[in-house]
Amino acid sequence: MKVSTALCSAALGVGLGTLLLPGAALADTTVSPATTPVGGTVVLTATTCNPKSGDAIFRVTGPNRDENVRSTTAAAGGGLSAELFTAGFTLGTYTVAATCGDGSSAGSASFTVTPIGAAPAGSGGDSRDNGALAAGGTLLGTALAGAVILIRRRRPVSTVA
């Protein structure tokens, strides 16, 4: 394999890793608790949304819901949050996808509505896109390992005079 081909492959790997890694690492939406009884309240939080950029929109979809919840409330740990009252929700799992005021995605999370007196509340749903994060990290690591191997092979051989 030519050195220029290997360097192009390494650069492509670094480029792809750079594109995949930040988006997956930064998008962060949580739902707390992850399990709630019918009539309970869950807190939706988009930690990467800047309150100065406008409202966050949480799109809630599930067995009997397809609605938007708007948030203007600054979350204690940063970002924006909203409370969602689950009265009238059908039992099942709901997905929450958040969009920041600047139009960027803040990721998604899910929560489950259970019968009253069922499973205890969980610690909160956090479903970052770990697949993209792993792919970006793998590409970046492979590219760096390839670069190290190429650099070691290209060291000049000293001559004896």
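Visitor: Is the disulfide of Cys49 and Cys100 left-handed or right-handed?
Guide: A disulfide here is a pair of cysteine sulfur atoms within 2.5 Å. Cys49 joins Cys100 with an S to S distance of 2.1 Å. The torsion about their S-S bond is about -85°, so the disulfide is left-handed.

Visitor: How many residues apart in sequence are the parts tied together by Cys49 and Cys100?
Guide: Helices (H or I, at least four residues) and strands (E, at least two) are DSSP runs, numbered from the N terminus. Cys49 lies in the loop between β3 (41–46) and β4 (56–62). Cys100 lies in the loop between β8 (92–99) and β9 (105–114). So the pair ties together parts whose separation in sequence is 51 residues.

Visitor: What kind of model is this?
Guide: Residues are numbered from 1 along each chain as its sequence is written, and side-chain values use heavy atoms, with hydrogens and water left out. Local features need pLDDT of at least 70, side-chain atom pairs count only at pLDDT 80 or more, and totals for chains, interfaces and linings use all residues, for this is a predicted model.

Visitor: Are Cys49 and Cys100 buried or exposed?
Guide: Relative accessible area decides this: buried means under 20%, exposed over 50%, and partly exposed in between (1.4 Å probe, protein chains only). Cys49 and Cys100 both count as buried.

Visitor: What share of the residues of the protein count as buried?
Guide: The protein has 161 residues. The share that count as buried is 30%.

Visitor: What pattern does the protein follow along the sequence?
Guide: The protein has 2 helices and 10 strands. Read along the sequence, they give α-β-β-β-β-β-β-β-β-β-β-α.

Visitor: What is the order of strands in the open sheet?
Guide: Strands of a sheet pair through backbone hydrogen bonds, either parallel or antiparallel. Two strands count as paired if DSSP finds at least two bridges between them. The open sheet has 5 strands and mixed pairing. Its order is β2-β9-β8-β4-β5.

Visitor: Which strands stand at the edges, each with a single partner strand?
Guide: In the order β2-β9-β8-β4-β5, look at the two ends. Each edge strand has a single partner, so one side of each is left without a neighbour in the sheet. The edge strands are β2 (35–37) and β5 (65–71).

Visitor: Is the ring pair of Tyr94 and Phe111 stacked or tilted?
Guide: Rings of Phe, Tyr and Trp (its six-membered ring) pair if their centres lie within 6.5 Å; planes under 30 degrees apart count as stacked, over 60 as edge-to-face and the rest as tilted. The structure holds 3 aromatic pairs. One of them is Phe89 and Phe111, with centres 6.4 Å apart and planes at 45°, so that pair is tilted. Tyr94 and Phe111 have centres 5.5 Å apart and planes at 15°, so their pair is stacked.

Visitor: What is the relative accessibility of Tyr94?
Guide: Phe89, Tyr94 and Phe111 form one aromatic cluster. Phe111 counts as buried at 1% relative accessibility. Tyr94 also counts as buried, and its value is 0%.

Visitor: Which residue has its charged end over the ring of Phe89?
Guide: A charge sits over a ring if NZ of Lys or CZ of Arg is within 6 Å of the ring centre and within 35 degrees of the ring normal. Here the charged end sits 4.2 Å from the centre of the Phe89 ring. It belongs to Arg65.

Visitor: How far apart in space are Gly92 and Phe111, C-alpha to C-alpha?
Guide: Gly92 is placed in strand β8. Contact means heavy atoms within 4.5 Å, and beyond its neighbours within four places in sequence, Gly92 is in contact with residues including Phe111. The two are 19 residues apart in sequence. In space, C-alpha to C-alpha, they are apart by 8.5 Å.

Visitor: Which residue of β7 is the bridge partner of Leu44?
Guide: On one side of the question, 4 bridges join β1 (residues 29–32) to β3 in the antiparallel sense. There, Val31 has Leu44 of β3 as its bridge partner. β3 and β7 also pair antiparallel, over 6 bridges. In β7, the bridge partner of Leu44 is Ala82.
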